[in-house]
Amino acid sequence: VYAFSRIDRDEKVEYLVAVNNANEAQNAAVPTFYSAGVQFDLIYAEGDAAASLTTDANGALPVSVPAAGFVIYKASEATPASAAAPAVSISNLTNDQVVTLGTQNLDGNTVPDRLEIRADVSGGHFVEVTFAMRIAGSDEYTVVGVDDNAPYRVFYNAGNLPDDASIDILAIVNDLNGNLLGAKVTGVTPVRGERPPPATAYDYAVIHYQRADGDYGDHTTGNFNDFWGLHLWGEAIDPSEVTDWTEPKPFLGEDDYGRFAWIKLQDSSQDVNFIVHRGDDKDGTTADRKFNPNTDSPEIWLKQGDPNFYTTRAAAQGFVTIHYQRPDGVYDGWGLHLWGEGLGDGVGTDWDSPRPFDGIDDFGAFWNVPIQDVNPPVNFIIHRGDEKDPGPDQSMNPSEGSDAWVKSGDETVYRQQGAAENVATIHYHRPASDYGDYSSNNHNDFWGLHTWQAAEDPGWTTPRNA
């Protein structure tokens, strides 16, 4: 059972929610802001639940929550009013204390550059605690935050303070009945401790590179004048990826965008520095280039002669592709109705003038749809006259991928061809490109793929070839 409550500061009535993820009813005694004998009334339940409950001797509400259900109860009266504000103290800081930032708080967690300010409040009434601070010697306090639930605390961003600055801190408790009481500490000096090493979010980065002429050269010669490659350096990359100028990393991967290279990382919070070059000829710009895998993307796309890098393929190529498959293979008359803010100028269509398909490939017909912004969705309907296939309005988000696959009669917009056709694609790279002779019937002559279990088993001596 997971339970929590909420109290409106004006109404001062407690609402209690309890959720049960077990497959049978569960009981729990949930603490409240009330004493014994206060009635809570059921206002909603998912499953059978008691219409009303009463707090026990300790002020807890004994709830029974239905299997895989939840209950919401409301107290029949406001929380008890207090005659005076309860006692309050700043419990984790003292006058003239030097505090090292980045140390653990009461949860055992570390919050870099944040100073935890915690207050203890006596009694069990519903109260608010307002925290404020000022730099020592100044006249005005600035509110840091307000907390209305124990443990009462805030986390102040002390990392922006001048070096060696000390601060005064106030904690003011409000019982919401017109009574206030405060506590104060002075001369607290936050100092920066050692920051934890940055977490590595990615183990690899991928750089895609497209040349309009399709000429990437021949890396097998070993001469850097013969092929386009990557010069790499910096703290982000694994030492094994650092290159000499005359020995760039070749783009060995190939897809329908162009070539690509995988780069092993040691710290993805750092910038990956790179230059695309062939001999001493740099492409895109003569300046050094860089991207950050964590804040930009671990995968970028480059274009010949373009100094920019793109974090989506759709942005790099300026269009998305919508694929359409019909079991009858007949695409004459079928067009694409398009609308949306991210489309290129003039790309949106009228219903009577759909966009004709650009071609037919091994999947079916396809449309290359120009875009000017990858963030808004591309909305579309595949239709012939007033006949829609599969029927409802459809959309795809270019920031999530440059292609979408649609099958006749299927309302799902697939983001991978394998998902649409229920196949998996396994990529295999050999640095020497020695894959063998796939025209041979002898499995000793080529590298093949043996599959089993969820996939068909072709047999060990008859593996799948490329």
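Seven residues touch the most other members of the largest nonpolar core, which has 25 residues: Ile 90, Leu 93, Leu 115, Ile 117, Phe 131, Ile 167 and Ile 169. Such a core is a set of buried Ala, Val, Leu, Ile, Met, Phe, Trp, Tyr and Cys residues joined through side-chain atoms within 4.5 Å, where buried means under 20% relative accessible area with a 1.4 Å probe, protein chains only. Several strands (DSSP E runs of at least two residues, numbered from the N terminus) supply at least two core residues each, including S10 (114–121), S11 (128–135) and S14 (167–174). The largest share, four residues, comes from S14.

The model is predicted, so to speak of local features requires pLDDT of at least 70 and side-chain atom pairs count only at pLDDT 80 or more, while totals for chains, interfaces and linings use all residues. Residues are numbered from 1 along each chain as its sequence is written, and side-chain values use heavy atoms, leaving out hydrogens and water.

Now let's turn to the sheets. Strands S28, S29, S25 and S33 form an open sheet in that order, with mixed pairing; two strands pair if DSSP finds at least two bridges between them. S28 (359–360) and S33 (403–407) are at the edges with a single partner strand each, so one side of each has no neighbour in the sheet. S28 runs antiparallel to S29 (residues 365–370), joined by two bridges, and Gly 359 has Phe 366 as its bridge partner in S29.

Elsewhere, six bridges link the antiparallel strands S16 (residues 204–210) and S20 (residues 259–264), with Ile 207 opposite Ala 261. A hairpin of four residues also joins S19 to S20.

Terms used:
Buried < 20%, exposed > 50% of the residue type's maximum accessible area, 1.4 Å probe, protein only.
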